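Please read the following points with the coordinates open beside you. They are arranged by topic and can be checked one at a time.

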Amino acid sequence: MSVPDYMQCAEDHQTLLVVVQPVGIVSEENFFRIYKRICSVSQISVRDSQRVLYIRYRHHYPPENNEWGDFQTHRKVVGLITITDCFSAKDWPQTFEKFHVQKEIYGSTLYDSRLFVFGLQGEIVEQPRTDVAFYPNYEDCQTVEKRIEDFIESLFIVLESKRLDRATDKSGDKIPLLCVPFEKKDFVGLDTDSRHYKKRCQGRMRKHVGDLCLQAGMLQDSLVHYHMSVELLRSVNDFLWLGAALEGLCSASVIYHYPGGTGGKSGARRFQGSTLPAEAANRHRPGALTTNGINPDTSTEIGRAKNCLSPEDIIDKYKEAISYYSKYKNAGVIELEACIKAVRVLAIQKRSMEASEFLQNAVYINLRQLSEEEKIQRYSILSELYELIGFHRKSAFFKRVAAMQCVAPSIAEPGWRACYKLLLETLPGYSLSLDPKDFSRGTHRGWAAVQMRLLHELVYASRRMGNPALSVRHLSFLLQTMLDFLSDQEKKDVAQSLENYTSKCPGTMEPIALPGGLTLPPVPFTKLPIVRHVKLLNLPASLRPHKMKSLLGQNVSTKSPFIYSPIIAHNRGEERNKKIDFQWVQGDVCEVQLMVYNPMPFELRVENMGLLTSGVEFESLPAALSLPAESGLYPVTLVGVPQTTGTITVNGYHTTVFGVFSDCLLDNLPGIKTSGSTVEVIPALPRLQISTSLPRSAHSLQPSSGDEISTNVSVQLYNGESQQLIIKLENIGMEPLEKLEVTSKVLTTKDGISVSGFPLSSPFRQVVRPRVEGKPVNPPESNKAGDYSHVKTLEAVLNFKYSGGPGHTEGYYRNLSLGLHVEVEPSVFFTRVSTLPATSTRQCHLLLDVFNSTEHELTVSTRSSEALILHAGECQRMAIQVDKFNFESFPESPGEKGQFANPKQLEEERREARGLEIHSKLGICWRIPSLKRSGEASVEGLLNQLVLEHLQLAPLQWDVLVDGQPCDREAVAACQVGDPVRLEVRLTNRSPRSVGPFALTVVPFQDHQNGVHNYDLHDTVSFVGSSTFYLDAVQPSGQSACLGALLFLYTGDFFLHIRFHEDSTSKELPPSWFCLPSVHVCALEAQA
Amino acid sequence: MAVCIAVIAKENYPLYIRSTPTENELKFHYMVHTSLDVVDEKISAMGKALVDQRELYLGLLYPTEDYKVYGYVTNSKVKFVMVVDSSNTALRDNEIRSMFRKLHNSYTDVMCNPFYNPGDRIQAFDNMVTSMMIQVC
């Protein structure tokens, strides 16, 4: 006997074995249909008694096992049912012959047999036969069950007769020695008359009778027989049969104690009515054992239940029996089956530890070379039994071994499907679920080494099964959940093979349903790369939308009548958790920054990385990135364009890594830091792009007001240099620009820099040209050389506020700022300023000490004078002849009229205006020929009061006319000797008061050019009339004139000095007001 | 003498496992993993006994063809499993006990380390384990 029945259980000992087999060609479907119906008749209550017969049907039974039928009668095939198709009477004899051949196989042990013929009709059918039943077809056979019941009753009759026959063997008769097949040769030539031999025969027969009793439903009797048999056999050391007797005892006791059965699924026994076998066995059955010749005393035993083993004893006896079996190599199957039976009992008793010992023993029982299929069966059953006793890990271990056996290299056609199925069944044993969500919380808690192995096997099996989608899923799962446990090399290998698989079948986010009802959830790669931070980025400062202030005010007022209410703040508290307080703009690219890192030891290529959003239609613009091996935190910016308005929520991101698509939701990511993921999208706004004629600079302004400057222009200028800056604004958005507002702001004018050209106007033009000038202003106290090299900076901001499109109607605008950064280097300085009177009263000489503080040669020129060349660091004096200024004629500044400015301010303004006037008059320019740069130089700040006074035109303007010709400066008036020369003195009053009257005396003199002035000219010059002139009082802006005449008597150069009479000049008027031009007259020979 | 020593957390995942480098490491993983069935069974059986009388040493968990697997469980349900070569008959129960006690002491030391995070894999254990694995033979 070599084929173990792994499904055996203790209660099988009370069953009768019936083999059901097809004969000839019977379709499997038909056969099993009938087989099922036959199997339903598994227990029969025997007529006239309360005994129950149990039948075990098999459609396959190895005949060599049948040979052990004497050893344990439930192994004996006592009934044979054959099923056959027969459609014509012609075939009938042949069919019947086959039936007989079939009978021969189990012939020696059969009590009875039946033949079920399907399809045959005709006269053969008419003949009533007990052993053959005819049915027209497989549908029309209602009497099958009835036939089986009859059959079983006939079996019972034979069984009962055999039992009685064996039991009533006269003690004097020779009891035949029952033996198992391998013993037969051992007993050849043994002394059959010895006591020892007889006892052995008796013991074995007792055991046999016990088996028969058990089968015949006489539990108590069987117990008694077994007990007696144990005693007999123990005395003769017949260990194999002693084991069998002990096992029989155990089986009967198990049947008594556990009427529910121990066999698990097959053991769900049905009991007829409330009659439990235990009860039934306890009942007195008159005449049951009256004719028992071996021991007539058995019936007299009182308290039969005591023959029954206690649950603990059952195990002890099993152990004993197994230890006896183990002495015989040929009884391996018996031992194995006994172990299994004991385990089932122990499982019911919940004694897992002992059960595991039995199982452990069963593992070591070496049967003959097992076929691969048998090995699989063996491992599977071991797994099932371990599961039964709650050893899930051990069960998983054996199931895995069974799975591996399915695909052993020795098998020609490996059963990858079966292997995969078995492997899946081991998952719970290794506490492995295939849902990655179970692994996302906290650190991995599991036996990573074995789990990884299992996953690898699943991957391989599914690949060999020809289901690449499954392999990809399993491999993704492996990579995702076991990442921490993979070595660097393994990481590489897994990634490599994953890429190989996905090249044929990309990984998806769809759950995969398995035939077994299991669903494999998708595995998003949340660890490839690992995301630590998610931050929604505000738009760049230039594109950031702002709410119009007035509209914002309205909004607040509609919500609540209060300026501040704690209730509102409270309500917003919850939203604030997630909602971010900036806005995105429809149609504009928005950014989300992720801080990621690559845990892999090689460069990780992440493709198609984009955002997953909800709430707003969003066009994600996926990015591809390549992360260096084991990178630190690495910023990645994902971008997209919201297409509609509303509230957008960033739920996560999607990636493609190693060909696997992943949707990673932020909620499922452990340890992620996010500062909110919801943001409002406002309607579209136009977009302005700014470009300037000057290159952009990296230097960024940081104004204190908090505005961010989008574009910066930096320029280096020399003091006084001008630079034109062209700013071009271009609307690159989709919305029309409807409003543009330009403002400017000078941030720093420290170090005394003034700017001209600001502010701007013309806000509606597309192109605005502001002019920026840094003008040098020399503080009076900075007359030290060290200060000249000081570089000064000027910073200013130009703001362009614009709006348009739907965003404009919603009250949003954008602000574009241009930062200007000017570095002003010193050019020329005037270290000193003084004046010298010129020959003309209307003019004077301005003396400037010019210092070149640049490192280049420089020329300084004015409107009127020649260029002056200055070397680097050189200081020279230059004189400029200037017309005096009439400052009083300046228009009053508008500020003076509009508001009550304080006098100091007024004075300041006036002074500034004067400065400007002087500056423009002078027009001092410098040029650096080597750099081809030029600029202006200003003297404004240098002009002190004294200098100013000198430069100022007196308010009383005196004009002297000779012969009607104005006479001034060097101009020489010519006249003839003897002719009177008219002399007119005119006064124009520009002062705000009336002046005069004045008396003037004309004193002629001759300059001998040697420092001697000859005033004694009474003989040469004579006055026509008085030499004294009188001027009446002159009202403001009035004019007055007085006339006189001179007569030159000799030729020569004469000068006229016009003097005021001391008493006539008003004391309160400054002397500089009375500055009359001198007159030069040249008297010539009278013409003939 | 021991061929494999493992420390297993309360939640039945390995905190530490080391086996003789000459053997297939995975084999011992399986061996120790399946031994947990027995450990669980023994602990649940012990649960019925009085807590203070509990014996930490679980004894032989199960023998295999080549090895014997012994178990030990601390009061905090941390398990120690030791696999010894079954050919090594010199090893008595008492020696196994003392080895476990040593292991337990080392484990306590590891726990006392303020830089150790309970539940993490144990790193600083090798010296002691190596000495236990080489010893005798």
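In which loop of chain A does F658(A) lie?

1. F658(A) lies in the loop between β17 (646-657) and β18 (660-665) of chain A, where helices (H or I, at least four residues) and strands (E, at least two) are DSSP runs numbered from the N terminus. Its phi is near 55°, a positive value in a residue other than glycine, and at 7% relative accessibility F658(A) counts as buried (buried means under 20% relative accessible area, exposed over 50% and partly exposed in between, with a 1.4 Å probe and protein chains only).

2. On conventions, this is a predicted model, in which local features need pLDDT of at least 70 and side-chain atom pairs count only at pLDDT 80 or more, while totals for chains, interfaces and linings use all residues. Residues are numbered from 1 along each chain as its sequence is written, chains are lettered from A and ligands numbered from 1 in the order in which they are written, and side-chain values use heavy atoms, with hydrogens and water left out.

3. Two further backbone features deserve a look. S431(A), in the loop between α15 and α16 (437-440) of chain A, has a positive phi near 40°, and S431(A) is exposed, with a relative accessible area of 54%. The peptide bond from L528(A) to P529(A) is cis, with omega near -5°, and P529(A) is found in the loop between β8 and β9 (530-536) of chain A. For context, most residues other than glycine have a negative phi, and most peptide bonds are trans.

4. F658(A) returns in the largest nonpolar core, of 204 residues, where L479(A), W584(A), F658(A) and F800(A) touch the most other members; such a core is a set of buried Ala, Val, Leu, Ile, Met, Phe, Trp, Tyr and Cys residues joined through side-chain atoms within 4.5 Å. Helix α8 (residues 239-257) of chain A gives the largest share of this core, 12 residues. A second, separate core has 33 residues, including I44(A), V78(A), A133(A) and L212(A).

5. There are 31 aromatic pairs over all chains, counted for rings of Phe, Tyr and Trp (its six-membered ring) with centres within 6.5 Å, where planes under 30 degrees apart count as stacked, over 60 as edge-to-face and the rest as tilted. The rings of F96(A) and F99(A) have centres 5.9 Å apart and planes at 45°, so this pair is tilted; both residues are buried. Y379(A) and F398(A), by contrast, have ring centres 6.4 Å apart and planes at 20°, so that pair is stacked. Y379(A) lies in helix α13 (residues 372-388) and F398(A) in helix α14 (residues 392-406) of chain A, so the pair ties together parts that are 19 residues apart in sequence.

6. Ring pairs also link Y379(A), Y386(A), F391(A), F397(A), F398(A), Y430(A) and Y30(B) into a cluster. K394(A) lies over the face of Y62(B), at 3.9 Å from the ring centre, the criterion being that NZ of Lys or CZ of Arg is within 6 Å of the ring centre and within 35 degrees of the ring normal.

7. Finally, the whole structure has 0 disulfides over all chains, a disulfide being a pair of cysteine sulfur atoms within 2.5 Å. The sulfur of C201(A) is 9.3 Å from the closest cysteine sulfur, in C179(A), too far for a bond, and C201(A) counts as buried at 3% relative accessibility.
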